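Here is a short report on charged side-chain pairs. Look over the sequence and the structure first.

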Amino acid sequence: MKKIEAIIRPEKVALVTEALAEAGIVGLNTTQVSGRGVQKGVMHVGRGGMTIKVDMLQKTKVEVVVKDADAEKAIAIIIENARTGEVGDGKIFVSTVTDAIRVRTGERGDKAL
Ligand SMILES: Nc1ncnc2c1ncn2[C@@H]1O[C@H](COP(=O)(O)OP(=O)(O)OP(=O)(O)O)[C@@H](O)[C@H]1O
Ligand SMILES: [Mg+2]
């Protein structure tokens with residue numbers, strides 16, 4: 001199993017999660033996060049020319065555990081639905097999950113997802 005953590009624009013979350021559901025990938029978490037990428041936040045020019053630096057930007061983390069065979073499909077769906085082509089589109093991290101357990105039934109591994 002793979003855990004896919006996608007840190008994306010909040011306004012893209014509904015598109016991404018709906019597209020994942022259409023592909024049969026339903027169980028997931030979303031969390032609001034503050035973070036930064038290589039641009040280290042952004043500069044905002046306010047009224048009167050005042051410049052305000054925002055170090056941490058609001059993003060949403062979509063965390064989903066999938067069977068190995070679904071990982072590339074899930075990644076492709078996330079990219080397709082989260083991308084604008086501008087900086088700040090987000091980042092996807094993939095890691096290996098050693099087990100999963102459905103509490104109600106005791107099912108393990110892929111069967112528990
Ligand atoms: N190396 C990292 N480790 C953990 N989280 C990260 C990392 N890089 C980015 N993030 C998170 O992902 C969010 C989006 O990053 P962002 O899309 O700006 O990446 P980037 O590398 O700066 O790419 P781009 O040049 O397209 O903006 C960040 O606000 C932060 O929450
Ligand atoms: Mg960036």
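Is Arg102 buried, partly exposed or exposed? In this predicted model, Arg102 counts as partly exposed, with 24% relative accessibility. The cut-offs decide this, because buried means under 20% and exposed means over 50%.

**Arg102 and its partner**

Arg102 pairs with Glu107 in a salt bridge, at 3.0 Å from N to O. Glu107 has 30% relative accessibility and is therefore partly exposed.

**The pairs side by side**

Side chains of opposite charge can pair when their charged atoms come close. In this model the count of salt bridges is eight.

| Salt bridge | N to O distance |
|---|---|
| Asp99 and Arg108 | 2.7 Å |
| Lys61 and Glu5 | 3.4 Å |

Asp99 meets Arg108 at 2.7 Å. Asp99 itself is partly exposed, at 33% relative accessibility.

**A link between strands**

Which parts of the chain does the pair of Lys61 and Glu5 link? Lys61 and Glu5 form a salt bridge whose closest N and O atoms are 3.4 Å apart. This pair joins distant parts of the chain: Lys61 sits in strand β5 (residues 57-66), Glu5 in strand β1 (residues 2-8). The two residues are 56 residues apart.

Lys61, at 21%, counts as partly exposed.

Notes. Residues numbered from 1 in each chain as written. Chains lettered and ligands numbered in written order. Predicted model: local features only at pLDDT ≥ 70, side-chain atom pairs only at ≥ 80, totals over all residues. Heavy atoms only, no water. Salt bridge = Lys/Arg side-chain N within 4 Å of Asp/Glu carboxyl O. Helix = DSSP H or I, 4+ residues; strand = E, 2+ residues; numbered from the N terminus. Buried < 20%, exposed > 50% of the residue type's maximum accessible area, 1.4 Å probe, protein only.
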